[in-house]
Amino acid sequence: MKKILIASMFFTYGLIVGTFHIFPYDLIKDSYNSIKYITIGSQKNKNLKECSLPQSTKIISGSTIIIGHAYGRINNSTNYDYLTPKVENFLNEHRQNIDRVIFTGDVFYEPSLNKWNRLYQQFSSDMQVYVAPGNHDVGSLSSAEIFEMSKFGFKNSISIKDEPHFILEDSESNNGLLHNSTLDLIKNTNQPIVYLFRHHVPIIELLNVANSKNGKREVLPDADEFINKFTNIKSIVVVAGDSGGFPSLPRMTCNSYKNVTFITNGIGNVKDDIILVLINGRISYLKI
């Protein structure tokens, strides 16, 4: 009788979780999607090669810092109202050596114009600050309008003025797909290497390491379809920040296919979180 009662309680709670999406609905959904997309990825192109990045031990003058998922771990009990403290503290500590910081999406859990203004006022006196927005930053009409009103706002894609081969993209506004304007910016550059900073992973093979796996991301191309757009470019590095938000996901991945290198990275408020460092055309990682 006791076993039947316990089983009934678990069954009832399961119905409530599924109906009202309360804890641990998100964890169960994420685990299911991870298994699902690992299977999808394995059925797609198997020619992605793992690559490695050198590790930095310090920030030297002139560094560009790349940070994905700056609000930290995906867990409603630990969501910070601003940047996660480890990111804010890192930028404050090294601000004299940082020329530029590029946030690759999900900067804030709940964005507001005050938070964008605070970010600009806090760091722009010492470094250039750029944002390639994610679903938390521009995922609703109101948040997209707020982002456009901020100092960081742009539509679709832009290149950085003093580094024209650095391209920022709003991947959320095009269902995770490349914008035509992004393709034009890449094709029109005369640089031997192009860096594309965005939030969402650009190919289906990488969905297994992404925080966001549902719905619109199912239309992503595979690696072959993606690189066919860039046959005239010597080398492209795509850095996506929609990863690392769960402890089960890697802090960073690096894969290459023909002339494209794919890097994912994101903060999860766990030990050995990683940010990326770019200086003199050399990209590395640093544990924070």
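Biologist: What makes S5 and strand S6 (residues 163-169) partners, and how do they run?

Modeller: In this predicted model, 4 bridges join S5 to S6, which run antiparallel; two strands pair if DSSP finds at least two bridges between them, so the pair qualifies. Strands here are DSSP runs of E of at least two residues, and helices are runs of H or I of at least four, both numbered from the N terminus. Within the pair, isoleucine 158 stands opposite leucine 168 in S6.

Biologist: How do you know which residues and atoms count?

Modeller: Residues are numbered from 1 along each chain as its sequence is written, and side-chain values use heavy atoms, with hydrogens and water left out. Because the model is predicted, local features need pLDDT of at least 70 and side-chain atom pairs count only at pLDDT 80 or more, whereas totals for chains, interfaces and linings use all residues.

Biologist: Why is the pair of tyrosine 82 and phenylalanine 108 called stacked?

Modeller: Rings of Phe, Tyr and Trp (its six-membered ring) pair if their centres lie within 6.5 Å, and planes under 30 degrees apart count as stacked, over 60 as edge-to-face and the rest as tilted. The search of the whole structure finds 12 aromatic pairs; in this one the centres are 5.5 Å apart and the planes are at 20°, so the pair is stacked.

Biologist: Why are tyrosine 82 and phenylalanine 108 called buried?

Modeller: Buried means under 20% relative accessible area, exposed over 50%, and partly exposed in between (1.4 Å probe, protein chains only). Tyrosine 82 has 5% relative accessibility and therefore counts as buried, and phenylalanine 108, at 0%, is buried too.
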